[in-house]
Amino acid sequence: MSAVLTIREAEELLYREALLIDSGRFAEWLELFTPDAEFWMPAWRDETTPTEDPERELSLIYYKGRRNLEDRVMRLTSGLSTASSPLPRTVHQVTNVLVTSAGGDTGEVSAAFTCHRFDVRMDRTHCFFGRYEYRLVQAGGLWRIARKKILLLNDTVPTVLDITAI
Amino acid sequence: MSLKISDLIDDRPEEGVFRVNRAIFTDAAVFEAEMRTLFEGGWIFLGLESQAPGPHDYFTTFAGRVPVLVQRDEAGTLRGFLNSCPHKGARIAQLRQGTARLHVCPYHSWSFDSAGRNKAVKWKAAGCYSQSFDRDDHGLAPLPRFANHRGFLFGSLVADVPPLADYLGEAGKLLDLVADQSDEGLELVPGQVTFTFEANWKLQLENCSDAYHFTSAHPSYIRVLERRQQDMSESVVASVWENSDYWKEDTKGVGGGSFTFAHGHVLNWGVFGVTPAIPLYERAGELAERHGEGKRDWMFNMRNLTIFPNLQVAENASSQLRVIRPLTPGLTEMRTWCIAPKGESAAARRQRIRQYEDFFNPTGMATPDDTISYENCQIGYAATAAPWLQGYARGMTASAAGGNRFADRIDLYPERSVLADSQLCDETLYHSYYRAWAQRMAGAFGA
């Protein structure tokens, strides 16, 4: 690992994250996040502006703390959620990766994503797309995710949209 | 096809029978009649006054399939219009919300002021119009009926409807329980969430009033709450359910119930108590002083209210305003917001928002388990060999005419009520939906 975040390291982490989600390796996926990680998908205030302040405005998802993601994974894999059984098949395609700032043990990364989701139960396919913003930090000799912001551009949700498809 | 209402709703109270035919959820002729009769032929919820707060502010919505513009003029008067240019019919306002002193139709530039009056027909003088054209009003067509109940705006595409106060009746008092939570009124938290489900709109109508499904459809959510309760920290949000056990199987005694009203309005409710998990807690004392303890306590109760046919206000895990928009017999759009009293503290607002996202969002941990169940129902409705559904029978021998001691605390006079322990999970409240439905649909079908 280099002292300053390189684009190669950023790509490596983002691609690995996508693979872990798409292959259902949720425990390893959770390991990528710091314990106090922020996980945020804003809602849209109007046609052109996403919400910007999670304290005063609604988000589609907002969590501070990895344990909330652990709850989500527990729900998804519990067998107790009709909407999550069986889990849909997904593939994330992460592109346009840029390191927007890097210094010390922190780096900011932006990227674009599409996620194709096949809902096996209903035999229907959806595509969700948008942009990611990450803050990565060095911890224990590895880059980890301290913040992930998902700006979902097609936000009319067809029935359900869970953390597996964003 | 010659459908009769009695083929669709089997309502024989003297025999203890109430059954609904699955065809009402799938049949195209039924859907068409619902659109004309219910959504385009009577009172419909349009939005909140606070969505157009200042002069020239507007918002857009639909009454059934009909695009509607709600616009405030310079002097502050709110009006409802058909959102369609009288010239060629184009939709005039295309944004969900905005400010416009003047709406200019993007197709041929006819323009309208914020009171709906035509301000210009482009190149009018050179247009060689007949006198007949000049005699026509070229303004936006107003909704035949438009009315405001405590900031909740309603409209009707037909004039022949009862006054809004009569239509809401006693159920209006339940909207007041929401409106009175702040002297400054209500607002929608910025950030609107739209989702669809591939099922009939009446599944949403019913699910809001359905206490029976909670522990069946949401065990994964309940397990998350248990995990959080075992290990509370600043990173997880307190749940309103933690302090209430009205829905648990082993609970004894009255935990809630249901009220039904004329015109299809319905409430189911549960005792929550005045607890800090509810964001309104910071105002508990003040609200009791202003409105009395009875009304204050009701503001804290779990309440799922439906104003038939398209408005639901759910105050349970958090506070949600929902507008139901049927698109086809098997496809429904939901527009949803977090509704909140104005002026609450930053901490209370934050708590309300966090509780909302986890439970109500289609990206959260509860709503998808409902909407997927609606879709399973819609698939199952094809099983017409057994046409009559059995989901309207719980509570049949508990339903009583009039109110009860809980209703009395806020001088509420429902048509019928059920007082329930946690396992009763009344289904007779749906009768109110379908009696109003049958009454209004009778014109479209034979009796």
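Chain B holds 14 helices and 23 strands. The model is predicted.

**View 1. Overall dimensions of chain B.** The radius of gyration of chain B is 23 Å, close to the 22 Å given by the globule rule for 447 residues, so chain B is as compact as a globular protein of that length.

**View 2. Burial and contact range in chain B.** Of the 447 residues in chain B, 49% are buried; a residue counts as buried when 20 or more other C-beta atoms lie within 10 Å of its own. Among the contacts in chain B with a separation of 6 or more, 65% are between residues 24 or more positions apart.

**View 3. The two domains of chain B.** Domain 1 of chain B covers residues 44–149, and domain 2 of chain B covers residues 169–441. Taken over C-alpha atoms, the centres of domain 1 and domain 2 of chain B are separated by 35 Å.

**View 4. Contact between domain 1 and domain 2 of chain B.** Domain 1 of chain B puts seven residues into the contact, and domain 2 of chain B puts in 11 residues. On the side of domain 1 that touches domain 2, strand E3 of chain B (residues 44–48) gives the most, with three residues. By residue class, this side of domain 1 of chain B has four nonpolar residues, three polar residues and no charged residues.

Technical notes
Residues are numbered from 1 along each chain as its sequence is written. Chains are lettered from A and ligands numbered from 1 in the order in which they are written. This is a predicted model: local features need pLDDT of at least 70, side-chain atom pairs count only at pLDDT 80 or more; totals for chains, interfaces and linings use all residues. Domain bounds come from an automatic or database domain assignment. Two residues are in contact if their C-beta atoms, placed from the backbone, lie within 7 Å. Helices (H or I, at least four residues) and strands (E, at least two) are DSSP runs, numbered from the N terminus. Ala, Val, Leu, Ile, Met, Phe, Trp, Tyr, Cys and Pro count as nonpolar, Asp, Glu, Lys and Arg as charged, and the others, Gly among them, as polar. The radius of gyration is taken over C-alpha atoms; the globule rule is 2.2 Å times the number of residues to the power 0.38. A residue is buried if 20 or more other C-beta atoms lie within 10 Å of its own, exposed if 12 or fewer, and partly exposed in between; C-beta atoms are placed from the backbone.
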